[in-house]
Amino acid sequence: MKQSADPGQQTLFGSGSGDLSRPLASRLRPQNLEEFVGQQHLLGEGKILRQLIDQDQISSMIFWGPPGVGKTTLASIIAGRTKAQFINFSAVTSGIKEIKEVMQQAEQSRLFGEKTIVFVDEIHRFNKAQQDAFLPFVEKGSIILIGATTENPSFEVNAALLSRCKVFVLQALSTADLEQLLRRALTDPRGFGGQAVRIEQKLVTAIAAFANGDARTALNTLEMAVLNGEKSREGVTVTQAVLEQCTSRKSLLYDKNGEEHYNLISALHKSMRNSDVQAALYWLARMLEAGEDPLYVARRLIRFASEDIAMADSRALEIAVAAYQASHFIGMPECNVNLAHAVTYLSLAPKSNAVYTAYLAAAQDAQKMLSEPVPLHIRNAPTQLMADLHYGEGYQYAHDTPDKIAEMQCLPDNLVGKKYYRPTEEGSEARVAQRLRQIEQWHARHAGHDGQHTGEDKK
């Protein structure tokens with residue numbers, strides 16, 4: 001089962017380089033850490049993961065990061081260097097039966113003093129029962145588990161299993177990292193080193209920016225551009241027109257981390273704030289068609305729903321969150337209509353920034369008055385000592401009052417009478433404003449009355 005480190009040999013990871021008919025990304029998969037691009041925070045000299053691999057002292061771990069950043073490649077490099085038996089598992093095709101068979105093999109190997117490393121790609125696709133099948137073997141050291149996931153392991157990996165694994169966070173590759181990778185592809189014999197490929201540096205940079213941190217996307221894009229390039233006796237020429245055709249993108253030079261990125265999201269936000277649905281849809285399309293991450297857009301819509309609409313139409317937040325979930329489930333290009341749906345709703349919804357300004361005002365006071373004590377009567381008293389110190393004494397349970405409002409001070413003494421939330425008359429917030437006026441009038445009528453709480457402390 002152990003992987004060979006011979007670069008010319010086909011392996012379970014497809015890292016062999018002899019077959020030039022295989023995809024470029026597969027042929028160029030790094031064979032060692034020296035070829036690996038990016039993740040210097042983990043693999044730089046002296047970094048912990050680098051030391052573990054160099055010393056063949058791997059423990060159970062999870063590689064978490066976006067697609068195309070090297071999770072499977074790192075497992076391949078470990079496979080080539082370890083003295084342990086190495087087993088590659090796919091969470092897509094393997095079930096509990098296959099897991100148990102492999103675990104039994106690993107247990108037998110352990111009795112003979114042999115380590116077994118099990119690599120599970122897309123471990124988040126395993127359900128709880130499948131993940132639980134690994135747990136006892138990880139606990140007693142029968143296997144060393146290496147999992148790879150694009151999802152947050154805090155939510156997708158069982159807590160018991162996660163607690164026994166070190167999580168290494170892999171970051172999206174920088175444009176410079178991807179340019180380095182693309183230049184290697186153009187010169188390496190495993191790539192296009194045996195061909196005369198002419199491509200301007202600005203197009204290499206454009207491909208790197210377009211790939212958005214994903215090495216696989218960068219290499220696949222380059223491969224398609226070369227295969228469709230203009231051929232002559234001198235070789236192959238990749239032009240801007242060829243690249244645009246291969247990617248179906250007119251805005252290849254759109255920098256997702258640069259000024260234009262922020263200009264476009266600003267234009268989208270301000271168009272929605274101004275209720276200009278036509279402009280908002282245009283700026284949305286500009287971002288998505290240029291290759292912007294749909295989840296980034298969806299996150300901004302969620303913020304907008306509470307910052308610029310909030311209580312004027314509380315459904316706006318539901319719509320925005322639903323659009324994020326839809327984008328996460330189905331991705332581009334299908335989720336473009338889900339985002340358009342949300343942008344249309346948010347643009348046409350009544351607007352209010354009252355919640356936003358209320359929080360800013362409250363935060364300003366909170367920062368200046370961090371030591372303000374919580375009034376005793378609204379403190380909880382779970383112990384007798386706290387009760388003896390008068391915690392909760394005088395608390396009034398609002399549900400026991402006729403109007404469901406208690407005449408009770410909830411702000412610190414220095415802030416009594418302070419108003420943060422000032423509702424507008426826009427949309428549903430008009431009803432909220434009416435309700436707030438009723439509450440304020442009730443308090444004005446009962447000012448100075450000593451409320452009595454007859455029941456025991458209730459939370």
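1. The axes of helix α16 (residues 315-330) and helix α17 (residues 336-348) come within 9 Å and cross at roughly 170°, where axes are lines fitted to C-alpha atoms, for helices over the stretch in contact, and angles run from 0 to 180 degrees between N-to-C directions. The two helices, α16 and α17, are therefore roughly antiparallel, given that angles under 35 degrees count as roughly parallel, over 145 as roughly antiparallel, 65 to 115 as roughly perpendicular and the rest as oblique. Their crossing is left-handed, a term used if the near helix is turned anticlockwise from the far one by less than a right angle, with right-handed used if clockwise. Residues of α16 in this contact (heavy atoms within 4.5 Å) include Ile319, Ala323 and Ile330, and those of α17 include Leu339, Ala342 and Tyr345.

2. On provenance, this is a predicted model, in which local features need pLDDT of at least 70 and side-chain atom pairs count only at pLDDT 80 or more, while totals for chains, interfaces and linings use all residues. Residues are numbered from 1 along each chain as its sequence is written, and side-chain values use heavy atoms, with hydrogens and water left out.

3. Helix α10 (residues 201-211) packs against α11 at an angle of about 135°, with the axes 8 Å apart, and the pair is therefore oblique. The crossing of α10 and α11 is right-handed. Ile207, Phe210 and Ala211 of α10 make the contact with Thr217, Ala218, Thr221 and Leu222 of α11.

4. An open sheet of 3 strands runs in the order β6-β8-β7, with mixed pairing; strands pair if DSSP finds at least two bridges between them. Its edge strands, β6 (197-199) and β7 (230-232), each pair on one side only, and the twist averages 20° from one strand to the next. Strand β6 runs parallel to β8 (residues 235-238), joined by 3 bridges, and Arg198 stands opposite Thr237 in β8. Helix α11 (residues 215-227) lies across β6, β7 and β8, at about 120° to β8.

5. Is Glu179 buried or exposed? Glu179, in helix α9 (residues 175-187), has a relative accessible area of 14% and is buried (under 20% relative accessible area, with exposed over 50% and partly exposed in between, for a 1.4 Å probe and protein chains only). Not counting residues up to four places away in sequence, Glu179 touches Gln201, Val204, Thr205 and Ala208.

Terms used
Helices (H or I, at least four residues) and strands (E, at least two) are DSSP runs, numbered from the N terminus.
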